[in-house]
Amino acid sequence: AFTIPWGFLTAVLLVFGRMSADNELVSFRMAGMSMPRFCRAVFVLALLLGGFSLWINTTVTPRAQSAMKRAFYQMAIDDPMSMFIPDRVLSDFPGYSIYAEKREGDSLVNVEIFTLTEREEPAMHYHAERAQIEYVAASDELLLTLEQMSTIYKDPKATKDLDKVQPGIRVGQGQVKIDLAPLREEASKLRPSTLDTGQLREKLRDSEVTSKQKRAIKTEMSKRYSFSMACFTFALVGIPLGVTAQRRETSIGFAFSIVIAAVYFVFIIVADMIKEKPAAQYLMWLPNIVFVGLGLWLFMRLSRK
C-alpha cells in the first residue's frame, strides 16, 4: 500500500530529473513531441499500478491483517514457546509484559514478567531463573511454571513509581496464568481494516451497525480508494518536479520523494486516526485533491514552455 506509490514517485523523479539534466527532453520537444504525448506511457503505467494497488488495498491487505490476528492466537495455542524471541520483550498479551534472556530446549532462561494495570503501569513483577510454558485447553490459558521465582508488588493506587512497593515471596517453584480470552476476542473482533471491501458494504447495510461504526467503515473504504489513486497523483506531480530539478544526482530525487510522500501520507494517517468522525472520510480524499490540482498546474506550465 505504501511502497508501490512511493517507489513509483521516486522512479519518476529520478528518470525525469536525469533526462532533463541531459537535455533529452529538449531534443524530444525540438522533434515536435509534446509533453502530454511524451508522458503518455508514464500515465498508463500509473493507471496499471493504481489498479494493482486497488486490488491490494481492497482485498489482499485486509485479509492479511485478519489472518495475522488469528495466527497469533493460534500460535499461542499450538506452540506458545515460539512466541518468545530471546532478549526481546513480548507485550502482545493484554495486561502482561514478558522478557526472556534466551531459550534452552523447552525452557526460558532469566524470565521477567510484569502484570500491568489498565493505565499500562507495572503492578506485579515476577522473576524466575527458568520457566516452562504449556497451554491449558480447559481454561483457555497459558500456564507458566517458574523455577526459583521471586515477586515484587506495587500498589496500583500509588501516585509515584516507588510508592508502596512491597517485596513479595521467594519460592522454589511458582505459577503464573495468562488468560487468552482477551487475545481470542481481539482475534475474532471484526474491525473495518480486517474486512475486504465487499464485507464492508454488507456491514453498511446491516441495521445493527451503529452510525459511529458506519462512519469508520466509510472512512476505511475512502482510504482504500484514495490510496489507490496515489500512483497517478504522484506521476502528475513528480514529472514537472523532476524536470524542474534538473539534477543528475539521485539524492535530490530521493529527497523530493520523501517530502512529497510524507506530506501525502500524513493526511491519510491523520484521517485514519479520527476515522469515526464525520469529516474523516472526506479528509481521506484531501491529499489527492490538493496534489492533483498542484500537479495539473505544474504540468500545464511545463507543457507551455
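Trainee: Is Phe-265 buried or exposed?

Mentor: This is a predicted model, in which local features need pLDDT of at least 70, side-chain atom pairs count only at pLDDT 80 or more, and totals for chains, interfaces and linings use all residues. Residues are numbered from 1 along each chain as its sequence is written, and side-chain values use heavy atoms, with hydrogens and water left out. Buried means under 20% relative accessible area, exposed over 50%, and partly exposed in between (1.4 Å probe, protein chains only). The relative accessible area of Phe-265 is 4%, so Phe-265 is buried.

Trainee: What kind of aromatic pair do Phe-234 and Phe-265 form?

Mentor: Rings of Phe, Tyr and Trp (its six-membered ring) pair if their centres lie within 6.5 Å; planes under 30 degrees apart count as stacked, over 60 as edge-to-face and the rest as tilted. A search of the whole structure finds 13 such pairs. For Phe-234 and Phe-265 the centres are 6.3 Å apart and the planes stand at 80°, so the pair is edge-to-face.

Trainee: How many residues apart in sequence are the parts that this pair ties together?

Mentor: Helices (H or I, at least four residues) and strands (E, at least two) are DSSP runs, numbered from the N terminus. Phe-234 belongs to helix H8 (residues 230–245) and Phe-265 to helix H9 (residues 250–273), so the parts tied together are separated in sequence by 31 residues.

Trainee: Which residues are linked into a cluster by ring pairs?

Mentor: Phe-234 is itself buried, with a relative accessible area of 0%. Ring pairs join this residue and others into one cluster, whose members are Phe-2, Trp-6, Phe-227, Phe-234, Tyr-264, Phe-265 and Phe-291.

Trainee: Which residues does Ser-226 touch?

Mentor: Ser-226 is placed in helix H7 (residues 211–228) and counts as buried, at 0% relative accessibility. Contact means heavy atoms within 4.5 Å. Not counting residues up to four places away in sequence, Ser-226 touches Tyr-264, Ile-268, Met-284, Trp-285 and Asn-288.

Trainee: How many residues has the largest nonpolar core?

Mentor: A nonpolar core is a set of buried Ala, Val, Leu, Ile, Met, Phe, Trp, Tyr and Cys residues joined through side-chain atoms within 4.5 Å. Among the residues with the most contacts inside the largest one are Phe-84, Ile-113 and Leu-144. Helix H4 (40–78) and strand E2 (96–104) are among the elements that each supply at least two of its residues. The size of this largest core is 26 residues.

Trainee: How many residues are in the second, separate core?

Mentor: This other core includes Val-12, Met-19, Cys-39 and Leu-302. Its size is 18 residues.

Trainee: How many bridges pair E2 and E3?

Mentor: Two strands pair if DSSP finds at least two bridges between them. E2 and E3 form a hairpin with 2 residues between them, and Gly-105 in the turn has a positive phi of about 65°. Tyr-96 stands opposite Thr-115 in E3. The two strands pair in the antiparallel sense, and the number of bridges is 8.

Trainee: With which side chain does the side chain of Arg-130 make a polar contact?

Mentor: Arg-130 is found in strand E4 and is partly exposed, with a relative accessible area of 28%. A polar contact is a pair of N or O atoms within 3.5 Å; within protein, one must be able to donate a hydrogen and the other to accept it, and residues adjacent in sequence count only if both atoms are side-chain atoms. At 3.2 Å, the partner of the Arg-130 side chain is that of Glu-104.

Trainee: What is the phi of Asp-140?

Mentor: Most residues other than glycine have a negative phi. Asp-140 lies in the loop between E4 and E5 and counts as buried at 10% relative accessibility. Its phi is positive, near 50°.

Trainee: What is the radius of gyration of the protein?

Mentor: The secondary structure comes to 11 helices and 6 strands. The radius of gyration is taken over C-alpha atoms, and the globule rule is 2.2 Å times the number of residues to the power 0.38. For 305 residues the rule gives 19 Å, and the protein is well over this value, so it is more spread out than a compact globule, with a radius of gyration of 27 Å.
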